[in-house]
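Me: Can you walk me through this one? I want to start with how contacts are counted.

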Amino acid sequence: MAEVQQPAYDMIIFGETGFAGKYIIREALKFLGTQSSPLKTLALAGRSYSKLSEALKWASNSTSHSTIPLLIADTSDPHSLLHMASQAKLVLNCVGPFLLHGDPVVAACVEAGCDYLDICAETEFMETMEVVYHEKAVKKGSLVVSACGFDSIPAELGYLFNSRQWVSPAVPNQVETYLSLESEKKVVVNFGTLESLVWREVYDNKLVELHGPRPKRTLPQIPGSEGSLIEHQKKIGLWAMKLPSADATVVRRTLSMLIDNPTGLQGVDETPKQAEKRVAYWSKIKLVHFGVKIATKSLIGILIIIASGLSIGLLGRFTISKWLLINFPSVFSLGVFRKNSPTEDEIVSASFKMWFVSCGSSGANKKLDTEIITRVMGPDIAYVTTSIIFVQCALTILRQRGDL
Ligand SMILES: NC(=O)c1ccc[n+]([C@@H]2O[C@H](COP(=O)([O-])OP(=O)(O)OC[C@H]3O[C@@H](n4cnc5c(N)ncnc54)[C@H](OP(=O)(O)O)[C@@H]3O)[C@@H](O)[C@H]2O)c1
């Protein structure tokens, strides 16, 4: 019988020369070849050898990793993507905006039958990829998972943890999440996020043109009430307003999957012990309304966020004002976005806290008399937290692929 050829690399990081990519390779190198790590072989891919080796040098802080193979791949060249994907068990995609660049990368990974992870926060992209590639991915044995960065792992794990603390007969009625970004310096959001926001509609239209209209997926009704638009959350001492983030959509998609599969999804080669663990875990999750709010210590902070959101929303509608927004982001987003990448100092001083506040009743009387608050916190969201989470997702896939 002919032997099935194993891919040359456990993992390829694509888009390593970007700001997020550099931090991701730095994080991945900590696990490369260590005794307990499933990551034994790694390659990096991008558009230029010189940029790739420069980024690797920065990430490794020395030349000791100069033997890591560098591959050339470009999202405008499907052959280069297929060549990359066919050499990997798993591709970590950091090339964004994903609505613009992600589709051919997913197509190549599915075609090659390798697994794919990204740090996308563009929900239209995730939905399109599911509609277009699901069946082929199943046939080819390729696992495609989006949103493996700050968007949306802390939100999902925070919700699940909080939910499991409600022990019958106690039941929650809703879970509201409050996200607070903190820094000793100024909190600035990365330019890539602004670009994705401004061009989102244009890129999404292109994707729809290519694949046809996206079938509207009707999400089942999840019980629970939505909170108010702006509120003062006294328990955590913060002002907050609703945030149209990927987190809410991603968590709701998980909850709607649970309505059809209350004990979770079966893994491809799941052992009976793993199946038992899965059932025990997912059966404790309660399905209730989940919302996300951005929170600050003062009402003024909320007013600045609203003014910046309105400015971006209005300017993003017209060609000339769009140009102004993209070229002078700090002026027209009222200082929330900036063109230059954050400095190392700014990244080190940034952190986040996320509170999951659920309320519900302690018994059958349905009186809202119980509250459970979970707090998740960590370093800078866009680069440090995202790279830690992304690499941990990758190691989990390499280690436990059969259970997934
Ligand atoms: N989920 C989260 O929490 C989170 C956190 C951080 C970032 N992100 C997302 O991650 C993405 C990257 O962010 P970033 O700040 O790293 O952006 P960036 O610094 O602009 O990096 C973009 C990367 O894409 C590569 N690229 C661009 N066009 C390409 C093409 N045609 N073919 C191959 N590679 C191409 C660039 O390569 P060159 O060097 O050759 O130009 C670069 O490596 C964005 O979509 C951002 O929104 C998400």
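Reply: Two residues are in contact if their C-beta atoms, placed from the backbone, lie within 7 Å. Keep in mind that this is a predicted model.

Me: OK. Which residues of H4 meet which residues of H5?

Reply: On the H4 side they are Phe98, Leu99, Gly102, Val106 and Val110. Their partners in H5 are Glu124, Phe125, Met129, Tyr133, Lys136, Ala137 and Lys140.

Me: And by class, what does that contact have?

Reply: Eight nonpolar, one polar and three charged residues make up the contact of H4 with H5.

Me: At what angle do the axes of H4 and H5 cross?

Reply: The crossing is at roughly 5°, and the two axes come within 10 Å. Angles under 35 degrees count as roughly parallel, so H4 is roughly parallel to H5.

Me: Switching to domains. How is the chain divided?

Reply: Into domain 1, residues 9-146, and domain 2, residues 153-381. Taken over C-alpha atoms, their centres are 25 Å apart.

Me: How many residues does each domain put into the contact?

Reply: Domain 1 gives 14 residues and domain 2 gives 16.

Me: Which helices supply at least two residues each on the domain 1 side?

Reply: Helix H4 (98-112) and helix H5 (123-140) do. H5 has the largest share of that side, with six residues.

Me: What classes do the residues on that side of domain 1 fall into?

Reply: Where domain 1 touches domain 2, its residues are seven nonpolar, three polar and four charged.

Terms used: Residues are numbered from 1 along each chain as its sequence is written. This is a predicted model: local features need pLDDT of at least 70, side-chain atom pairs count only at pLDDT 80 or more; totals for chains, interfaces and linings use all residues. Domain bounds come from an automatic or database domain assignment. Helices (H or I, at least four residues) and strands (E, at least two) are DSSP runs, numbered from the N terminus. Ala, Val, Leu, Ile, Met, Phe, Trp, Tyr, Cys and Pro count as nonpolar, Asp, Glu, Lys and Arg as charged, and the others, Gly among them, as polar. Axes are lines fitted to C-alpha atoms, for helices over the stretch in contact, and angles run from 0 to 180 degrees between N-to-C directions. Angles under 35 degrees count as roughly parallel, over 145 as roughly antiparallel, 65 to 115 as roughly perpendicular and the rest as oblique.
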